[in-house]
Amino acid sequence: MIGVSSYFQDLNLEYLEKTIKCGVTHIFTSLVVLEENYSDLKEKLTQVLELTQKYNVTLIPDISPVTLRKLNIQSIEELQNYGFTAIRIDGGFSTLEESKRLVDTFEVYLNASDVRIDFIKQLKDAGCDMGRISVLHNFYPRLHTGLNKEHFIHINKDFKSLGLRVAAFVQGDIKLRGPVFEGLPTLEKHRGVHPFVACVELLDCYVDDVYIGDNEAGIESLQMMIDYSRHSVITLKAVLDEEYSELYGKDIPIRKDITDSIIRLSFGRGHYKDVKPKNALNRCCGHITIDNCLSGRYVGEINIIKENISSDGKVNVIGHIYPEYLELLEYVNRDAVVRFVK
């Protein structure tokens with residue numbers, strides 16, 4: 001599942017509606033940020049809840065004891081009166097009794113950085129419906145404060161062993177959130193990385209749900225993320241020779257026989273029959289190639305190069321993938337579908 005974030009100080013309802021129509025089903029927000037101006041919170045909250053209820057989208061507020069003061073309510077359960085069906089617990093509700101009560105009332109997202117594995121086991125032993133509990137990692141605004149990937153995978157394995165869904169953040173690529181403006185990823189290695197590229201890696205790290213942490217990501221980027229999460233479509237921005245421009249936008253399955261050096265596409269052979277030798281260059285990582293007529297029955301086979309290979313007179317270079325997308329080649333498996341876009 002792919003989600004976005006929205007913060008009341010930077011609320012953009014038009015953008016949120018676009019993301020929902022794109023396929024977003026969950027929106028994360030915060031009710032604990034002390035420095036934000038909450039003077040018009042109730043008005044904005046009503047607007048967001050009307051939008052999410054209209055489209056049957058889940059709004060997940062980050063909550064803490066601060067939330068009670070901000071909304072002038074006596075208990076978190078009163079959030080039901082606003083229309084909330086899910087919450088993310090950011091601290092201050094650590095007793096088993098409190099947590100069990102919240103799980104009975106809401107879909108609960110636990111803070112992955114704070115919650116202990118033995119506490120989750122206690123919730124399970126206490127009869128909590130584990131299908132109503134997920135863990136959501138923090139995002140990290142400041143440079144060098146994001147999580148290490150190996151540590152991240154290790155704790156995610158523990159969460160998954162208990163049957164929990166795991167969620168994490170990637171940064172946006174349109175409007176970063178202040179006051180730091182350095183992106184809001186969960187993993188430090190994803191700071192400055194295209195959200196789609198980071199999303200694919202997260203979903204390979206025992207993560208089920210990926211959220212944009214910042215104010216906005218491009219709708220094109222979100223569509224890439226949603227297509228991958230739902231249909232394993234790996235979108236690769238590329239430049240292709242004009243005579244092969246029909247490949248743009250085509251969903252091409254991968255041949256099941258995976259190799260070390262190339263990704264073999266299941267389109268081309270039988271379609272391109274008269275391919276003259278041309279641009280038989282040294283093949284570099286990211287090159288897109290086609291076998292020419294010197295290849296005999298392999299003529300027309302299209303490949304993506306994963307590691308540098310010397311030239312072969314039987315193979316033409318017909319294009320290349322943009323550098324920021326090269327990391328994705330690691331995740332193209334036998335069940336993936338490749339889509340080249342301009």
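Reader: Which residues of helix 1 meet helix 2?
Author: In this predicted model, L13, L16, E17 and I20 do. They meet Q47, V48, L51 and K54 of helix 2.

Reader: How do you describe two packed helices?
Author: By the angle between their axes and the distance between the axes.

Reader: And what are the values for helix 1 and helix 2?
Author: The axes come within 11 Å and cross at roughly 15 degrees. That makes helix 1 roughly parallel to helix 2, because an angle under 35 degrees counts as roughly parallel.

Reader: Is the crossing left-handed or right-handed?
Author: The crossing of helix 1 and helix 2 is right-handed.

Reader: New topic. Where is T29?
Author: T29 is in strand 2, residues 26–30.

Reader: Buried or exposed?
Author: T29 is buried, because its relative accessible area is 2%, and buried means under 20%.

Reader: Now helix 5. Which residues there are buried?
Author: S99, L102 and V103 are buried in helix 5, which spans residues 96–105.

Reader: Why are they on the same side?
Author: Because they cover an arc of only 100 degrees around the axis of helix 5.

Reader: What covers them?
Author: The cover over the buried residues of helix 5 includes strand 4, strand 5, helix 6 and strand 6.

Reader: And what is on the face turned away?
Author: That face of helix 5 carries the exposed residues E97 and D104.

How values were computed: Residues are numbered from 1 along each chain as its sequence is written. This is a predicted model: local features need pLDDT of at least 70, side-chain atom pairs count only at pLDDT 80 or more; totals for chains, interfaces and linings use all residues. Side-chain values use heavy atoms; hydrogens and water are left out. Buried means under 20% relative accessible area, exposed over 50%, partly exposed in between (1.4 Å probe, protein chains only). Helices (H or I, at least four residues) and strands (E, at least two) are DSSP runs, numbered from the N terminus. The arc is that of the directions from the helix axis to the C-beta atoms. Contact means heavy atoms within 4.5 Å. Axes are lines fitted to C-alpha atoms, for helices over the stretch in contact, and angles run from 0 to 180 degrees between N-to-C directions. Angles under 35 degrees count as roughly parallel, over 145 as roughly antiparallel, 65 to 115 as roughly perpendicular and the rest as oblique. A crossing is left-handed if the near helix is turned anticlockwise from the far one by less than a right angle, and right-handed if clockwise.
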